[in-house]
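Here is a short note for a colleague who is opening this entry for the first time. Please keep the viewer at hand and follow the points in order.

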Amino acid sequence: MHQIFTDRHITVENCWKHIRRKGPTGCFTGDILYHGPRNDLPRDYAPKEVIALLNERKNDIYCVRGNCDTEVDQMVLEFPVLSDYCVLAEGTQAIYATHGHIYNEQKLPPLHSGDILLHGHTHVPKCVVHETEQYICMNPGSVSIPKEESWHGYMIWEGKNFVWKDFDGQEHLRYSV
């Protein structure tokens with residue numbers, strides 16, 4: 001099972017509840033520790049504790065650089081966080097994971113028919129099938145600063161199924177390829 005989290009730093013409670021579990025691989029779509037100057041800090045924000053929790057799972061994490069990630073973050077995290085994208089393959093289908101501030105639905109990365117563009121940045125969960133361009137755009141939403149009245153949550157990828165959940169385990173969206 002692959003567990004896809006979102007772009008945003010993570011509260012310690014949620015990190016313990018979902019990252020600490022054995023098994024899933026985490027894929028973070030940027031802004032892992034810092035939120036930028038436009039948003040207030042979430043309650044219970046504890047980046048030093050999040051760093052320790054994530055570093056415990058460093059061999060199980062894929063991460064891409066968000067617009068708020070810097071070299072300073074890389075100095076404390078023991079897994080790469082400064083790549084603009086990461087490509088995950090499942091059979092002949094690729095998932096192009098990126099933050100969304102460089103590549104997104106308005107500026108597409110190199111995709112093949114049926115590929116998935118996975119990005120965060122907007123804090124809004126979504127799944128849109130683009131028939132004309134023949135790709136699927138997904139956004140897992142936001143763990144700590146959801147927008148447009150969405151939930152605090154993440155997305156799970158297991159085989160051909162993608163499921164968006166909140167931290168109470170409630171399923172909000174499902175898509176099968």
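1. **Start at L88.** Leave out residues up to four places away in sequence, and L88 touches C27, Y62, Q93, A94, I95 and W157. Keep in mind that this is a predicted model. L88 is also among the residues with the most contacts inside the largest nonpolar core.

2. **The main core.** This largest nonpolar core has 14 residues. Besides L88, those with the most contacts inside it are I95, I116, L118, M138, M155 and F162. Which strands each supply at least two residues of this core? They are β4 (85-90), β5 (93-98), β6 (116-119), β8 (135-139), β9 (153-158) and β10.

3. **Another core.** A separate core lies apart from the largest one.

4. **The overall layout.** Now step back to the whole chain. The protein chain has three helices and eleven strands. From the N terminus, the order is β-α-β-α-β-α-β-β-β-β-β-β-β-β. Of its 177 residues, 51% count as buried. Take the contacts with a separation of 6 or more: residues 24 or more positions apart account for 47% of them. The accessible surface comes to about 8900 Å². Carbon and sulfur atoms hold 50% of that surface.

5. **Cysteines.** How many disulfides does the structure hold? The count is zero. For C27, the nearest cysteine sulfur is that of C86, 5.1 Å away. A disulfide would need the two sulfur atoms within 2.5 Å.

6. **Aromatic pairs.** There are four aromatic pairs in the count. In one of them, the rings of Y154 and F167 have their centres 5.3 Å apart. Their planes stand at 40°, so this pair is tilted. Y154 lies in strand β9, and F167 in the loop between β10 and β11 (171-176). The pair therefore ties together parts that are 13 residues apart in sequence. Y154 is buried at 3% relative accessibility. F167 is buried too, at 7%.

7. **A stacked pair and a cluster.** Look next at W157 and F162. Their ring centres are 6.0 Å apart and their planes are at 5°, so the pair is stacked. W157 and F162 are both buried. Elsewhere in the list of aromatics, Y85, Y96 and Y103 form one cluster.

8. **H99.** Is H99 buried or exposed? H99 is buried, with a relative accessible area of 0%. The residue sits in the loop between β5 and β6. A polar atom of the H99 side chain lies 2.6 Å from the backbone oxygen of T29. The H99 side chain also makes a polar contact with the side chain of N67, at 2.8 Å.

9. **D166.** This residue lies in strand β10 (residues 161-166). D166 is buried, with a relative accessible area of 9%. A polar atom of its side chain lies 2.9 Å from the backbone nitrogen of D168. Set aside neighbours within four places in sequence, and D166 is in contact with W151, H152, G153, Y154 and H172. Y154 is also a member of the tilted pair in point 6.

10. **Two backbone angles to check.** Most residues other than glycine have a negative phi. Which way does phi go at D31? D31 has a positive phi of about 50°, although it is not a glycine. D31 lies in the loop between β2 (25-28) and α2 (47-56). H123 has a positive phi as well, of about 70°, and is not a glycine either. H123 is found in the loop between β6 and β7 (126-130). Both count as buried: D31 at 1% relative accessibility and H123 at 3%.

How values were computed
Residues numbered from 1 in each chain as written. Predicted model: local features only at pLDDT ≥ 70, side-chain atom pairs only at ≥ 80, totals over all residues. Heavy atoms only, no water. Helix = DSSP H or I, 4+ residues; strand = E, 2+ residues; numbered from the N terminus. Buried < 20%, exposed > 50% of the residue type's maximum accessible area, 1.4 Å probe, protein only. Contact = heavy atoms within 4.5 Å. Areas by Shrake-Rupley, 256 points an atom, 1.4 Å probe, with all protein chains shown as cover. Polar contact = N/O pair within 3.5 Å; in protein donor to acceptor, adjacent residues only side chain to side chain. Core = buried A, V, L, I, M, F, W, Y, C linked by side-chain atoms within 4.5 Å. Phe/Tyr/Trp six-rings, centres within 6.5 Å; stacked < 30°, edge-to-face > 60°.
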